[in-house]
Amino acid sequence: MTGKLFIVGVGPGHHDHMTFRAKQAIEESNTIVGYETYVNLVADLIEGKEVHRYAMTQEVERAHQCIDLAKSGKIVSLVSSGDPGIYGMAGLIYEILAEEGWDRKIGLQVEIVPGVSSLNSCAALVGSPLMTDFAVVSMSDLLVPWEIITKRVEAAAQGDFVIVIYNPASKKRIHQLQDTRKLLLKYRSPNTPVAIVKGAFRESEEIVLTDLENMEKHNDKLGMITTVIIGNSSTFMYKDLMINPRGYTSKYNIVEPQQTRK
Ligand SMILES: C[S@@+](CC[C@H](N)C(=O)[O-])C[C@H]1O[C@@H](n2cnc3c(N)ncnc32)[C@H](O)[C@@H]1O
């Protein structure tokens with residue numbers, strides 16, 4: 001029997017935002033593997049299937065088990081929140097397979113099913129903050145040294161990129177976001193718009209629109225399912241919306257299009 005490994009992005013957490021292919025892949029699978037919270041997000045789709053739930057920080061064991069199960073002939077879905085190719089499990093699976101000398105043409109079948117990442121879902125909830133160039137940085141220094149993360153934040157700040165911050169803080173880890181804020185204030189005005197989105201499209205969803213100066217008043221919203229979006233020099237707030245202008249006004253009259261400049 002030929003097995004297969006799907007690495008499935010289930011989106012932010014509500015089925016309305018899961019892709020058709022993600023549902024199809026889970027349905028086609030007889031074995032489901034994933035971090036407990038992600039498996040719970042698809043509980044209604046996996047009745048009667050073999051399910052392996054993992055606690056956090058067991059990624060390497062989880063990846064090996066998925067590969068072994070698929071090699072033994074099972075159709076496996078490894079479920080990941082958002083997109084599995086963005087701070088997800090796709091990388092580790094491919095790293096392990098590459099170490100084994102895997103050949104995708106003749107070896108184990110692997111399919112990555114893309115999902116709606118947190119940056120998409122959070123941006124949609126707060127307005128249009130990602131209309132121009134943006135950078136994405138994770139504050140987690142578990143696998144990447146803090147000095148490298150700081151270097152990336154500083155480069156993004158210098159380049160006037162909108163910045164999306166994943167893993168902004170945990171109970172034990174808050175100084176990273178505080179240091180990042182201080183660093184950004186070297187380059188950006190204190191009234192630069194900031195969006196803090198917790199639990200996008202989940203029952204626990206909470207959204208705060210604030211600015212660089214005041215963002216620390218909302219540290220209670222930070223946690224394992226919070227994403228922070230920091231505007232650039234042209235981002236503005238309009239009635240609870242964070243808007244990053246695409247640049248049309250430099251070329252067009254957007255109020256009276258017939259008056260458009262040449
Ligand atoms: C390990 S990363 C996984 C990212 C995921 N693969 C994605 O594409 O969204 C975990 C981080 O994603 C963000 N995140 C995950 N779910 C979220 C949600 N529902 N709302 C806001 N941010 C979320 C948080 O920043 C969290 O710390």
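Okay, ground rules before the tour. Residue numbers start from 1 along each chain, as its sequence is written. The model is predicted, so to speak of local features we need pLDDT of at least 70, side-chain atom pairs count only at pLDDT 80 or more, and totals for chains, interfaces and linings use all residues.

The overall picture, then. The C-alpha atoms fill a box of roughly 65 × 50 × 35 Å along the principal axes. Of the 262 residues, 37% count as buried. Buried here is 20 or more other C-beta atoms within 10 Å of a residue's own, exposed is 12 or fewer, partly exposed is in between, and the C-beta atoms are placed from the backbone. As for contacts (C-beta atoms, placed from the backbone, within 7 Å), take those between residues at least 6 apart in sequence: 71% of them join residues at least 24 apart.

On to the cores. By nonpolar core I mean buried Ala, Val, Leu, Ile, Met, Phe, Trp, Tyr and Cys residues joined through C-beta atoms within 7 Å. The largest has 30 residues, and Leu 5, Ile 7, Val 8, Cys 66 and Leu 78 have the most contacts inside it. Elements giving two or more residues to this core include β1 (4-9), β4 (75-80) and β5 (109-113). Which element gives the largest share? That's α3, with 5 residues. Apart from this core there's another, of 29 residues, with Leu 130, Val 162, Ala 195 and Ile 229 among them.

For the record, Ala, Val, Leu, Ile, Met, Phe, Trp, Tyr, Cys and Pro are nonpolar, Asp, Glu, Lys and Arg are charged, and the others, Gly among them, are polar.

Now the ligand. There are 22 residues around it, and Gly 82, Ser 117, Ser 118, Ala 200 and Thr 227 come nearest; to be near, a residue needs its C-beta atom, placed from the backbone, within 6 Å. The shell splits into 9 nonpolar, 11 polar and 2 charged. Both α5 (118-126) and β11 (226-230) supply at least two residues each. Ser 118 is also one of the buried residues of α5, as are Leu 119 and Cys 122. After α5 comes Gly 127, with a positive phi near 135°.

Last stop: two non-glycine residues with positive phi. Asn 167 has phi near 45° and sits in the loop between β8 (162-166) and α7 (175-185). Asp 240 is near 65°, in the loop between β12 (236-238) and β13 (241-243). Which of them is buried, and which exposed? Asn 167 is buried, because 23 other C-beta atoms lie within 10 Å. Asp 240 counts as exposed, because there are 9 C-beta neighbours inside 10 Å.

Key:
Helices (H or I, at least four residues) and strands (E, at least two) are DSSP runs, numbered from the N terminus. Two residues are in contact if their C-beta atoms, placed from the backbone, lie within 7 Å.
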